[in-house]
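Please look at the sequence and the 3D structure below. The paragraphs that follow go through parts of them in turn.

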There are 2 protein chains.
Amino acid sequence: MISKAKIKYIRSLELKKNRKAEGVFVAEGPKVVGDLLATTPAKLIIATSSWMQSNHAKTTGEVIEVTEEELRKVSFLQHPQQVLAVFPQTPPHVICLSDLDTQLAIALDGVQDPGNLGTIIRIADWFGIENIYCSQDTADVYNSKVVQATMGSIARVHVVYTNLAELVDNLPEGTPVYGTLLDGEDIYQQELVNHGLVIMGNEGNGISQEIAAKVTHRLLIPNYPKGRSTTDSLNVAIATAITCSEIRRNGNRNI
Amino acid sequence: MISKAKIKYIRSLELKKNRKAEGVFVAEGPKVVGDLLATTPAKLIIATSSWMQSNHAKTTGEVIEVTEEELRKVSFLQHPQQVLAVFPQTPPHVICLSDLDTQLAIALDGVQDPGNLGTIIRIADWFGIENIYCSQDTADVYNSKVVQATMGSIARVHVVYTNLAELVDNLPEGTPVYGTLLDGEDIYQQELVNHGLVIMGNEGNGISQEIAAKVTHRLLIPNYPKGRSTTDSLNVAIATAITCSEIRRNGNRNI
């Protein structure tokens with residue numbers, strides 16, 4: 001049984017200002033909640049008996065068992081999935097730029113769509129990228145659509161909001177700064193090293209002029225056959241995936 | 001001014017059975033409608049004066065000028081974009097499997113999410129893939145979320161629903177059938193040729209057993225570093241993009 005006050009509280013977390021004030025976010029479904037519980041104790045878990053049966057040992061904080069109908073009342077999903085949990089937001093991760101001598105990180109310059117941000121977090125997790133630096137106008141990582149699109153990867157990737165121009169200016173000298181730009185060079189023909197910063201831009205406008213000027217490796221994912229009249233662009237998550245795949249493939253061969 | 005009957009007609013096209021009965025689909029926004037108008041006359045265009053001013057010469061069929069408020073009443077989008085148009089569904093494209101001796105095609109085995117299908121159509125367009133063959137349980141290409149996610153590529157890529165198992169059985173001997181499978185071989189290490197069929201599976205279950213048995217090139221997109229505990233999988237559109245990118249990169253080098 002769940003109280004009206006609790007339903008109201010959870011629904012209020014749809015808004016960023018309320019999530020921020022409470023310092024929490026909502027995750028849903030056995031996969032995403034399960035991945036988060038592996039590293040982070042939940043503050044509140046609302047689950048059906050079917051989830052409770054197999055996961056009781058993992059629960060933390062306040063736990064409320066509900067019917068599927070009650071779950072529908074609090075869920076942000078069209079098809080609620082057994083469990084919804086409220087987790088604490090993690091304190092901003094310390095930015096350690098010297099890591100970029102050996103590690104790869106992603107920087108997002110105004111990515112707006114929550115689904116794209118979530119998918120990029122999942123891609124980062126796959127390719128062993130632990131840090132994503134976002135401009136202040138990038139979508140909020142704690143938006144429930146972002147959390148769901150990460151499919152649990154939000155538990156393993158740090159997302160930090162910062163001034164991107166300053167961040168790039170403070171990179172150790174010689175750090176590769178990759179960006180896909182319309183006047184870039186064929187990504188398949190470049191020597192890519194397995195560390196540095198991969199910058200991806202806004203869905204409509206790409207990388208902002210200020211940041212684009214700081215890119216050291218201007219890359220282009222060529223369409224096929226080259227020069228054919230086609231779609232103008234790839235989705236930003238798709239471009240991120242191909243760029244990271246190429247860096248990991250290429251970098252691996254150079255070890 | 002738009003009539004109530006017209007609003008009701010357009011809203012009815014949210015359902016697949018109504019789209020099928022009428023033989024039409026809805027597209028929205030200057031980019032998607034513009035790309036479609038380049039190849040396909042619209043049956044009905046509903047647009048604000050701002051769109052009409054710069055596109056009047058391109059209009060076909062019945063044209064209704066509306067206010068932004070009226071457009072909101074018919075639009076399927078949260079933020080309507082100047083124009084909504086009703087286009088005829090194209091007759092099913094003839095399946096020509098002998099093309100796969102020289103061309104690349106995609107086959108989708110139960111892709112459910114409209115956003116994923118739309119993004120895959122956009123990827124196909126980018127990589128010069130003209131045909132996508134879908135199992136009957138794949139999402140409907142004329143679903144408005146699919147149409148919007150293609151960003152106009154729906155005007156240039158043929159999508160055909162068919163029995164995939166039969167289709168694969170009828171491929172000319174020696175046609176490469178690519179599939180990403182958990183027990184596949186590192187995609188970066190394979191000799192990939194620039195033609196054949198790329199099979200992608202359902203979001204939760206991957207390629208069905210029946211179809212997986214017919215894959216001749218079992219591929220794996222390796223995570224990084226190899227063997228690290230990470231997300232279980234990549235999103236299906238992301239895996240499609242990386243696979244097509246690798247085939248085009250590799251195939252190009254072999255020309």
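How many residues of chain B are in contact with chain A? The count is 27 residues of chain B, which meet 27 residues of chain A; contact here requires that the C-beta atoms of two residues, placed from the backbone, lie within 7 Å. This is a predicted model, in which local features need pLDDT of at least 70 and side-chain atom pairs count only at pLDDT 80 or more, while totals for chains, interfaces and linings use all residues. Residues are numbered from 1 along each chain as its sequence is written, and chains are lettered from A and ligands numbered from 1 in the order in which they are written.

On the side of chain B that touches chain A, two or more residues each come from helix 6 (114–126) and helix 10 (236–253) of chain B. Helices (H or I, at least four residues) and strands (E, at least two) are DSSP runs numbered from the N terminus. Helix 10 of chain B gives the largest share, 7 residues.

Chain B also holds an open sheet of 6 strands in the order 7-6-5-9-8-10, with parallel pairing; two strands pair if DSSP finds at least two bridges between them. At the edges are strand 7 (158–161) and strand 10 (217–220) of chain B, each pairing on one side only. Strand 10 of chain B is joined to strand 8 (residues 177–186) of chain B over 5 bridges in the parallel sense. Gly179(B) stands opposite Arg218(B), which is in strand 10 of chain B.

Helix 6 of chain B lies across strand 5 (104–109), strand 6 (131–134) and strand 7 of chain B. Its direction is at about 170 degrees to strand 5 of chain B, with axes fitted to C-alpha atoms, for helices over the stretch in contact, and angles from 0 to 180 degrees between N-to-C directions.
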